[in-house]
Amino acid sequence: MSVDLFAHPFSSYCWKVLIPLYENGIQFTYRNVDPAYPDNGAELARLWPLGKFPLLVDQGRPIAESSIIIEHLQLHHPGAVQLIPDDPESALEVRFMDRMFDNHVMANMQRVVNDALRPPERRDAVEVEQARAALETAYRWLDAWMNGREWAAADRFSLADCAAAPALFYADWVHPIDEALPALKAYRARLLARPSVARTVDEARPYRAYFPLGAPDRD
């Protein structure tokens, strides 16, 4: 079996794929695309001209997009942790929550980060204000959703939690989750205590200087 993952240790969407790889003990070669490893970046560009990561290469076949990669892993490298349930209704809930975390938490967190990466004269305070307001709305909805739940969907650790872990990790750095949202804060803590997530967080520690808003002294 030959499985390569082109990824960066600090990338949220790469975390999303690393977590299921670690959950199920899938053997793979980590092709770090940090600028310190230019050959990996060049090979990524050759395999996937859009240059986005993560990219999984399984037996020479490139698989792009984090949710699709996780679905591919379940089909071709199943393990003890089934990340998408067989039951269609449960699977729909898992996929919905995956989209919730990607589109309404991760995406709005990234809007704030992207603004910080721009030159000062091109920054947009309105864009940042709108993104923070959207995060607040998502946080409140998620706090209600997580009340009485251990994991995000289908009563099990799933694809949804693989999306939630990096989304909530970085979103809380960008716009802290209020103490008045205890269910969401407790869920984030459970995610960070999960061994596969803790390993992913630890591997990213050397790159925290990359965070344009300044990584907080926690987590």
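Does Tyr207 count as buried or exposed, and at what relative accessibility? In this predicted model, Tyr207 has a relative accessibility of 14%, and it therefore counts as buried, since buried means under 20% relative accessible area. Tyr207 lies in the segment that follows helix H8, which spans residues 195–204. Leaving out residues up to four places away in sequence, Tyr207 touches His8, Pro9, Phe10, Asn32 and Asp34. With one of these, Asn32, the contact is polar and runs from side chain to side chain at 3.1 Å. Pro9 stands 198 residues from Tyr207 in sequence, yet the two C-alpha atoms are 7.6 Å apart in space.

The side chain of Asp172 reaches the backbone nitrogen of Ile177 at 2.6 Å, and, when residues up to four places away in sequence are not counted, Asp172 touches Tyr139, Ile177, Arg188 and Arg218.

The largest nonpolar core has 55 residues, of which Met97, Phe101, Val105, Leu168 and Tyr187 touch the most other members. Two or more residues are given to this core by each of helix H1 (12–23), helix H4 (88–117), helix H5 (125–146), H6, helix H7 (182–193) and H8, and the largest share, 13 residues, comes from H6. Val105, apart from its neighbours within four places in sequence, is in contact with Met100, Leu135, Ala138, Leu142, Ala167, Leu168 and Ala171. There is also a second, separate core of 13 residues, which includes Cys14, Val17, Leu21 and Tyr22.

Terms used
Residues are numbered from 1 along each chain as its sequence is written. This is a predicted model: local features need pLDDT of at least 70, side-chain atom pairs count only at pLDDT 80 or more; totals for chains, interfaces and linings use all residues. Side-chain values use heavy atoms; hydrogens and water are left out. Helices (H or I, at least four residues) and strands (E, at least two) are DSSP runs, numbered from the N terminus. Buried means under 20% relative accessible area, exposed over 50%, partly exposed in between (1.4 Å probe, protein chains only). Contact means heavy atoms within 4.5 Å. A polar contact is a pair of N or O atoms within 3.5 Å; within protein, one must be able to donate a hydrogen and the other to accept it, and residues adjacent in sequence count only if both atoms are side-chain atoms. A nonpolar core is a set of buried Ala, Val, Leu, Ile, Met, Phe, Trp, Tyr and Cys residues joined through side-chain atoms within 4.5 Å.
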